[in-house]
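Please read the points alongside the sequence and the coordinates.

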Amino acid sequence: MFATNLLHAATREEAIKAGIVYNLTKFTVWPNSSISENYLNICVFGKQYDDGFDALAGKAVMGKALMIKRNPNNRDIHTCQIAYIKNTSKKKIYKILNKCKSLPILTVSESLDFINHGGMIGLVAFDNHIGFEANIKTINSEGINIGAQLLKLAKRVVGLDKQYI
Amino acid sequence: MQTGLEKKSVRAKLIITSLLVTGLAIMISLVISIVDDIRNTHQSTQEQLTIIADMTAASSSPALVFRDQQAAKDNLRLLHINQLITSARILDQQGNEFVSYQKTIATEQSNLSRLLSTYTLGLIESPIEFNDEVIGQLIFSIDMTSIWTSLFVQWLSKLFISSILLLMSYVILRKSSDYVLGPIHNLANAIREIINSGNYSLRVDNQTVDELGFLTEEFNLMLSKIEDRDNQLQQSNEALAQVQEPIVLRDAELRCQYVNPAFVNIFGYSLDDLQGTKETLSVRNQPGTELSQAEVYEIAREQGVYRGETLRVTKAGKQIPIQRHISPVKDKKGELKGYVTVLTDISEKKRVEEIVWRQANFDVLTGLPNRFMFMQRLKEDLKKIKRTKLPLGLMFLDLDRFKEINDTLGHDMGDALLKEAASRIVGCLRGTDVIAYIDNDHVVSESVARLGGDEFTIILNDLKEDKAIDIVAKRVLAKLAEPFLLGNDLVHLTGSIGIVETYPNETIDAETLIKYADIAMYESKQQGRNRYTKFDQSMLYKAQQRNTLINDMHRALKNNEFQVVYQPIIDIESNQILKAEALIRWHHPFEGLINPDDFISVAEDAGLILDVGQWVFEHVVKQVAIWRETIHPDIQIAINKSPVQLKSANEAKFDCLSSLQKYKVPGKNIIIETTESVFLDKNTSTVDRIAAMREAGVQVALDDFGTGYSSLSHLAKKDVDYIKIDQSFVQNIFENQENLAICEAMIVVAHKLGLKVVAEGVETQQQFKLLSDAGCDFAQGFLLAKPLSGKAFERLCKKSEESLLTA
């Protein structure tokens, strides 16, 4: 349903990536204190605006309206629930990750091996379609909970404590 | 089916029933188990599959959300563990197939499973939800063939086990039934043996102490009682068998239980023939009103005994008259158990009764009904005409002069004549009336009867035509008139018939009817015989007069109303009167003097003539005894004796000789005047009687000589002393030379034979002279003297010395 809606402006790949983020919001539970009653903010970091995220704006997830924030400044970063970092240099990624550190923000990026570099969810392309990877340790450390079912979909999960196995 | 079962033995029934029950129980449990299996399997499989579906759906939900086909496929691939799920599909919200999974099928589907696919194949659907929103559909295709197969195998094994159970039940039942039924078999065998051998001393071995053992003991006890009773019965039966009278025992329902040897002997039926039947050997269509069997036995039951006579038919078909004594047999409680019938053969008694009856009702000589039976018959017929509304005719037939023929030819011939006459009479009847003789021991009819002597009666019933009776009467007369050939003698006979007819509107009793017929017959006799006369009331008057006359005559004998007068007979040569003919006179108190012609014949018919004759004889002898003193010792009085009187066998009533002795009168003073027919009689007693009188000196004169046979042979035998020339010759002697010639001839013959001649009815001098000239010895008649009283005769005799003729 959303896949087709997302295709009108962005490329198919961009739209799929936005769709995955959108779907992630459905499976993710944030600590109550950090989340607004009415909005769920998806913060998108990157220069390119021609992507599928604008199409998500206004959609409702769990009774909350989705808001898209592009490259928010440091003051507003704590209002983000999801930080989507587009493919960029490792340096910039670190910078953004540092800003999000200690905040209940689900970090998602399409950069390679994101989850082994402090990121939570990495989008990966394989077999002609796009999947994701997750780092449970980093996700759980910020008090964010993603459903176990979601993890089943993950192509790769890292940061698993022995206690979970 | 049911009848088939009924025919089986108890044992078979027991086994079949038990097997049915066991089999049914096993079947029911089998069916319940199968149904339960199906239900359980179906339910659990459904539940299991539903859970799997729900779980799969749940786990597929993120993959669908992320449209991760690979993940979904991997998820579905897990289903291969479950054998039932052949394929799975996930449809998205639009119903498009998102991903599918197909199990690799190892084996080809058999025909059977294909056939059963309706039952074995199915779909399980489960919605795929995410956040309370249906985002897709999971569909399993399932194939339950394997489950059904395994179930089927289970069922087969259960069935197999059930069969084995049933077989085991059968084996156990057989064994146990042998055990249970064994004693019963023993009992049955014993009973059969007892029935076959009749040996009640047999006992059944008893090995058990259960109910059957008890039964066996009771059975043995019963056998002992039966044995005792059998012995008693045998004794009774032997006693019954010894009885010479036939005996039948019946039960309360009248079924024959026993017949003794005497019964078998007499009736030819054996016990086997009759046992159990209600047959009574009664004669079908038996005449008379016999009681029904039911009534007979009811009488026996209520009155304690039934006695009666009836007919019974033997096996050979012979009818035997029997007397039955039926007594009810009751047990100690008074309950009816049956009947004992003693039958007595009363053939001999019946035969004697029959003979007695025959003798009482039939004339032995002719076989015709006798007076007794005739009277009964006539009475019945008289009753019958009230119904038939047809006249009845009665004929009274008397043979003419039969007595004379009987006397002439002898009684044997007379009997033969009667027999022949009877059969001729019977032969003359109309067709429907040829019924008057005994045929094959059965009385066909009694229409002709012999009343006795030469009297016959003929009843003619149902006279439809007026002339029928005349025709019969004429035919009878004609038949009788035909000559009878008896031995070598040819006999002529006639009959006189009196006829009376009665009509349904008349009321007349049998006795009166016979009297009328008799009167009419008498009239025929009077009219000259050999004719028939029909009764009319005027005859009744005459007959009444006759009866009155007879009655008066009886009285007259007692009251001395009769008087004897004497007609003198003169000795022509000496002119002396020493003889007279005694003649009877009747001075009737009301009628005055009655002529002998008017009452002698009646007296003869009525049988009074003997009394009258005896009275006359005694009277005369008494008178002669006196006259022998007063007139002359040789006085001779002639007394008329008709042949009837002389023939009478009744010695007491004609005891002439004792009368003579009584009054001391010699026989020479008496002359008996009679007619020559006396001598025609072959009855020797009459001739002997006359001979005896002549022996005693009594003389005999033949009266009315010349009018009858005028047989000279009797004269030649010197049986008589006088002949009396009939007055018919004497009275015409003067004008008829022939009569004179006859008189002269008779006188000559008589004299030649040594007899004296008396001329009767001499009324004129001329007659007297002619007779005197002809040599006649004595004369009597009005010329000489009328009949005189005794006193007048005495006077006349005394005067006769002075010559009558000159006086």
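**Notes on strand pairing, confidence and the chain contact**

1. A:Ile42 has A:Ile82, a residue of β5(A), as its bridge partner. This model is predicted, and the pairing described here is that of the predicted coordinates. Strand β2 of chain A, residues 39-45, runs parallel to β5(A), and four bridges join the two.

2. On β6(A), A:Ile82 stands opposite A:Leu106. Strand β6 of chain A covers residues 106-109 and is likewise parallel to β5(A), with four bridges between them. Between β5(A) and β6(A) the chain passes through helix α3 of chain A, residues 90-100, in a right-handed β-α-β crossover.

3. Which residues of strand β5 of chain A point one way, and which the other? A:Ile82 and A:Tyr84 point one way, whereas A:Ala83 and A:Ile85 point the other way. In a regular strand, side chains alternate between the two faces of the sheet. All of these β5(A) residues, which span 82-85, are buried.

4. The average pLDDT of chain A is 83, and 91% of its residues score at least 70. Residues 1-9 of chain A, however, have a pLDDT below 50; this stretch makes 15 contacts in the model beyond near neighbours in sequence. Where pLDDT is low, the predicted coordinates should not be read in detail.

5. Between the chains, eleven residues of chain B are in contact with eleven residues of chain A. On the chain B side, helix α2 (residues 10-65) gives the most, with five residues. By class, that side comprises five nonpolar, four polar and two charged residues.

Key
Residues numbered from 1 in each chain as written. Chains lettered and ligands numbered in written order. Predicted model: local features only at pLDDT ≥ 70, side-chain atom pairs only at ≥ 80, totals over all residues. pLDDT = per-residue confidence, 0-100. Contact = placed C-beta atoms within 7 Å. Nonpolar A, V, L, I, M, F, W, Y, C, P; charged D, E, K, R; others polar. Buried ≥ 20, exposed ≤ 12 C-beta atoms within 10 Å, placed from the backbone. Pairing = 2+ DSSP bridges. Right-handed = clockwise from strand over helix to strand, strands pointing away.
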